[in-house]
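Hello,

Please take over the structure below. My notes follow it.

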Amino acid sequence: MKKRFTILLALLLSIGTILAACSSKEGSSSEKDGKDGKPYEIKWYTIGTPQKDTDKVFEEVNKYLKEEINATVKMTQIDWGDWDQKSQVMINSGEAMDIIFTNGSKYVQNAQKGAFVALDEMLEKEGKELKDALDPALLEGVKIDGSIYGIPANKEAARQTVYTFNKRLVDKYGFDVSTVKTLEDLEPMLKVIKENESGVTPMATFKAYLPYDYIFNNEMPFAFPFEGGNDQVINQFESDLTMQTYKTMHSYYKAGYLKEDAATSKDSWPMDVENWFVRMGDSQPYADLLWSRSAKYDVVSVPAEQPVTINDSVSGSIQAISATSKNPKKAMEFLNLLNTDPYLRNLVDKGLEGVHYEKNADGMITDLPARIESYNIPTYSIGNFFTLYLYETDPTDKWEQFKLFNDSASAAPTLGFHFNNAPVRSEIAAITNISKEFYPALATGSVDPEEYLPKYNKKLKEAGIDKVLEEIQKQYDEWKKEQ
Amino acid sequence: MKRILNDIYKNRIWLIMVLPGTIWLLLFAYLPMFGQVLAFKDFRIHPDGFFASVITSEWVGWENFKYLFSTNDALIITRNTILYNLVFIVLGLVAAVTTAILLSELLNKRLSKVYQTGMLFPHFISWVIGSYFVFTFLSADSGLLNNVLGWFNIDPISWYNEPKFWPYLLVFMSLWKGVGYGSIIYLASIVGIDKTYYEAAMIDGASKWKQIKHVTLPMLKPLMIILTIMNVGRIFNSDFGLFYQVPRDSGTLYSVTNVIDTFVFRGLMTLGDIGMSTAAGLYQSVVGLILVLIANYIVRKLDEESALF
Amino acid sequence: MPNKLNQTQTPGNVSQPLNLKKDGGDIKRKKVRNPHSLHPVMNSIVSIFLGVFTFMCVFPFLYVIIISFTSEESIVRNGFQIIPSEWSMDAYNYLWGVKEQLLGSYGITIIVTVVGTVISVLMISFYAYAISRPQFKYRRFFTMLAFFTMLFSGGLVPTYIVVTQFLGLKNTIWALILPLVMNAFYIIIMRTFFMKSVSESILESARIDGASEWRIFFQIVFPLSLPGIATIALFSTLGYWNDWFTALLYIDNPKLVPLQALLMKIEANLEFMRQNVEVGLMQQSLFDTLPQESAKMAMVVIATLPIAVSYPFFQKYFISGLTIGGVKE
């Protein structure tokens with residue numbers, strides 16, 4: 001019995017080796033042409049619901065690309081909800097592809113694992129124009145251990161968290177929202193709304209804002225405070241400010257300003273249903289206009305923070321070149337063109353003129369129904385915003401405002417610092433679990449911070465938070481030295 | 001050697017029968033198993049594809065397993081996983097067999113069929129939708145149950161913050177979803193029982209209860225044992241949706257809802273480490289294998305015919 | 001206790017009734033009744049008890065139907081309600097609008113389910129029958145071979161590589177069928193059925209008559225084990241019908257997406273929209289055409305009803321096994 005298993009195992013291993021040999025051979029012997037002869041087909045996987053007219057549009061795209069760079073593109077969209085899992089399996093399995101969409105922590109993890117090609121050299125040659133077109137802060141933020149592994153979409157590079165109000169209610173009660181600077185300032189308004197508007201939840205469920213620059217994300221304890229030019233990583237749940245803020249949140253919760261199930265809430269509070277008074281969100285220039293349009297009633301925002309450039313805000317949308325690409329240079333040439341050539345950028349994004357959109361005399365456009373129904377492409381995921389045609393409803397200085405917004409932002413202490421978690425993985429796995437246990441309840445005010453914050457911190461201590469803090473500090477100091 | 005060939009020749013008909021299945025098992029189950037080595041590697045991606053990645057990734061020994069044991073939570077999640085599964089195995093077995101016997105004994109056969117079909121419905125409802133349903137009852141803001149309590153002047157209960165109710169709720173939900181499906185096997189087995197056994201028992205004047213005890217249950221026994229052994233093998237695994245979706249990932253309930261699968265899922269959210277997830281799976285499988293071997297050994301001692309192997 | 005069990009349990013042992021007689025010898029004689037009848041009072045109690053449980057099982061489904069007729073606005077404002085404040089047909093209008101995709105997906109699901117179940121039942125029966133026969137010298141090895149795969153799986157990525165790179169099945173219908181053909185769980189159950197319902201003594205007489213093992217399998221074994229085969233066929237059908245994960249992994253082409261995968265896509269997309277509210281807010285039109293909660297529920301209705309009502313078809317065979325079983329005497 002045992003012997004038979006050994007034989008079987010040996011057999012399997014040998015099959016595995018043969019397979020390995022086959023697959024690697026396939027990798028090396030494949031054609032690397034594209035310059036002369038047949039155009040190289042760039043395989044591009046990106047996020048979004050697959051669209052009916054993709055083939056039609058890309059016929060046009062490919063006609064253009066063949067002339068420009070002797071390449072064609074096969075774009076495959078993977079649906080929103082499937083994206084995370086499917087793209088990760090494709091990356092881990094080393095599927096042959098050229099360009100793949102990625103963002104946030106997924107980008108960092110996969111780049112650290114070697115899934116993407118470092119682009120620094122190519123950005124000096126094939127991607128020269130592209131590099132010049134991008135906001136330098138963006139490239140700074142996506143650097144991992146000194147190298148760039150993906151092309152961030154050139155759009156708003158900073159984050160500005162805002163409180164957004166339902167304007168009808170603001171006007172009705174004559175509130176002066178411009179006085180709102182902190183969470184505490186909301187109190188009198190919330191009280192009035194709670195007392196007078198029965199169908200309205202004063203606060204659309206949100207997690208309290210804290211002025212920290214987070215390693216990982218806001219649920220995890222590791223943070224650098226924005227204020228005070230601090231180079232010291234802290235446990236955000238030990239700070240007085242956190243305690244204060246959560247206490248305020250808890251008093252709001254007790255007063256019934258939030259839904260009772262806020263901690264486990266899965267409501268997305270869609271704008272078009274007018275059942276809220278204040279909400280929190282990330283802004284960009286003319287966001288109120290955009291939001292009012294989608295809500296079909298007016299909203300008004302006040303900033304909760306000054307615009308700040310953080311790793312998260314620059315890595316919201318990245319197109320990376322896969323390590324399995326057989327012709328990374330061609331892929332770079334395409335990305336270069338996509339981000340700098342207005343014709344190509346708009347063709348990929350808006351579709352065909354006359355079919356998917358119409359252009360008026362000023363060069364501004366209007367979507368035709370076909371754009372919504374059969375070529376509804378997520379603009380943010382594709383690339384450069386600043387070469388996009390403006391819609392007729394857009395303010396004419398929209399992109400200038402974007403540039404001003406980016407320029408006005410200050411860089412966060414950790415911009416470009418990407419923690420390598422390898423030495424403390426066990427601790428992080430445990431701390432993530434603990435954070436999921438406590439954070440949502442605390443940040444929505446559902447529980448009393450006087451009781452739960454100490455409990456939280458005790459558990460974090462037991463899970464080895466000190467070791468992680470130390471490791472972060474060590475890596476941060478080293479990184480800082482090299483800057 | 002000659003003896004082996006001779007044996008193979010003698011068994012050729014059976015070997016041909018298992019051939020298609022064996023090919024499938026080798027291709028779809030055994031071939032991918034080499035991926036288990038990732039549990040001992042720090043996975044790095046190599047441009048030449050997955051095999052190259054596996055081979056070139058560094059060995060890290062037991063590093064990937066550490067997080068499963070290093071925390072205080074490890075004890076809680078292991079306890080939760082085992083206790084829930086034990087309850088599910090025992091109650092699931094009792095409920096499925098009882099339901100199957102009752103369904104087969106119903107005088108109105110048409111009604112029995114309607115019931116059988118009805119009981120299968122939960123099997124089609126995903127836990128995401130199941131959790132909506134539970135939420136309509138338990139929601140703190142608008143839940144039906146709190147409304148009902150209100151009629152009796154009982155203070156509303158914040159269900160998603162009260163761990164004490166959840167063990168019962170989860171067991172109930174698990175049974176709700178599984179009983180219909182689980183009883184099918186037994187039902188099919190009961191109708192397959194030769195009627196002459198019952199006739200013989202009847203001639204002896206055995207009551208219904210005695211018939212069940214002395215004919216039906218013994219006839220179902222092999223199936224009950226086999227299914228239980230198989231469930232024992234999965235004692236470290238759990239139905240993820242039941243423990244994640246149904247309690248709405250409520251942090252205050254973790255002490256009674258966190259099981260190995262949810263712990264691993266949450267823990268790896270920030271890490272996304274394939275080596276660590278493989279390690280978790282391997283750990284669950286190895287424990288399962290050991291328990292199955294023990295269970296099978298015990299069954300063999302008691303009753304060789306019923307053992308799995 | 002073990003002793004007593006030993007007397008009555010041996011599957012397919014023809015001498016069993018005799019043992020039973022002995023066992024039941026001390027029981028006081030009663031009026032002879034139909035062996036399958038239950039006392040009417042008891043019957044009513046059982047009927048009510050099972051009825052209540054059945055209702056609990058079906059009720060959530062009725063609730064799903066109700067939500068599918070609820071207006072989206074009402075869902076956002078009030079959450080899910082047993083009696084919605086505002087009814088609407090929007091969900092079904094939406095489904096009607098995408099009827100081509102739906103019909104296509106129905107077609108894929110049906111083809112995959114039918115073809116898959118047939119292959120599955122044949123392969124599992126062969127395998128399980130062989131390992132259930134005492135003459136088969138390597139039966140324990142092959143039982144282990146199958147059982148082992150229940151505990152140890154290859155993992156997502158290696159399986160993905162076998163299916164896509166080694167077998168080249170990506171974006172073909174076979175990628176939806178082949179990965180689910182065999183299942184150790186079904187094999188073991190089927191083996192138990194064969195051991196119990198197909199006794200060697202019947203087969204022996206057929207063998208003496210010179211029937212080949214194949215003829216024996218199809219003419220004697222198969223009919224004898226119909227309830228077991230129907231069970232496996234049912235499980236396999238349910239498995240194929242409910243499967244969405246293989247489609248998520250192996251299918252990019254919208255034309256090959258089966259019904260449940262379509263449903264799960266909607267579910268996953270809704271979750272994505274919840275977690276990435278800002279994406280939708282910045283490009284208003286992006287999520288407008290995607291289905292919402294009520295449409296999802298309508299999908300559940302149309303994806304579940306056909307398979308749920310197909311159960312009686314399988315039930316038929318749970319009974320026909322009996323009559324053929326009687327022939328063997």
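How many bridges join β7(A) to strand β12 (residues 276–282) of chain A, and do they run parallel or antiparallel? There are five, and the two strands run antiparallel. Within this pairing, Tyr163(A) has Met280(A) of β12(A) as its bridge partner. Strand β13 (residues 299–303) of chain A is also joined to β7(A) by five bridges, again antiparallel. There, Thr164(A) is bridged to Ser301(A). Strands count as paired if DSSP finds at least two bridges between them. Helices (H or I, at least four residues) and strands (E, at least two) are DSSP runs, numbered from the N terminus. β7(A) itself spans residues 161–166, and five of its six residues are buried. Buried means 20 or more other C-beta atoms within 10 Å of the residue's own, with C-beta atoms placed from the backbone.

The conventions are brief. This is a predicted model: local features need pLDDT of at least 70, side-chain atom pairs count only at pLDDT 80 or more, and totals for chains, interfaces and linings use all residues. Residues are numbered from 1 along each chain as its sequence is written, while chains are lettered from A and ligands numbered from 1 in the order in which they are written.

Next, confidence. The predictor gives the complex an ipTM of 0.89 and a pTM of 0.87. Chain C averages a pLDDT (the predictor's confidence in each residue, from 0 to 100) of 81, and 85% of its residues score at least 70. Take care with residues 1–33 of chain C, where pLDDT stays under 50. Residues 320–329 of chain C also stay under 50.

Now the A–C interface. On chain C, 34 residues are in contact (C-beta atoms, placed from the backbone, within 7 Å) with 36 residues of chain A. α15(C) gives the most to the chain C side, with eight residues.

Last, the core. The largest nonpolar core holds 299 residues. Such a core is a set of buried Ala, Val, Leu, Ile, Met, Phe, Trp, Tyr and Cys residues joined through C-beta atoms within 7 Å. Phe334(A), Ile124(C), Tyr127(C), Ala130(C) and Ile187(C) touch the most other members. Helix α8 (residues 166–191) of chain B gives the largest share, 12 residues. Leaving aside neighbours within four places in sequence, Tyr127(C) is in contact with Met17(B), Val18(B), Gly21(B), Ala146(C) and Ile187(C).

Best wishes

Note on methods. Contact = placed C-beta atoms within 7 Å. Buried ≥ 20, exposed ≤ 12 C-beta atoms within 10 Å, placed from the backbone.
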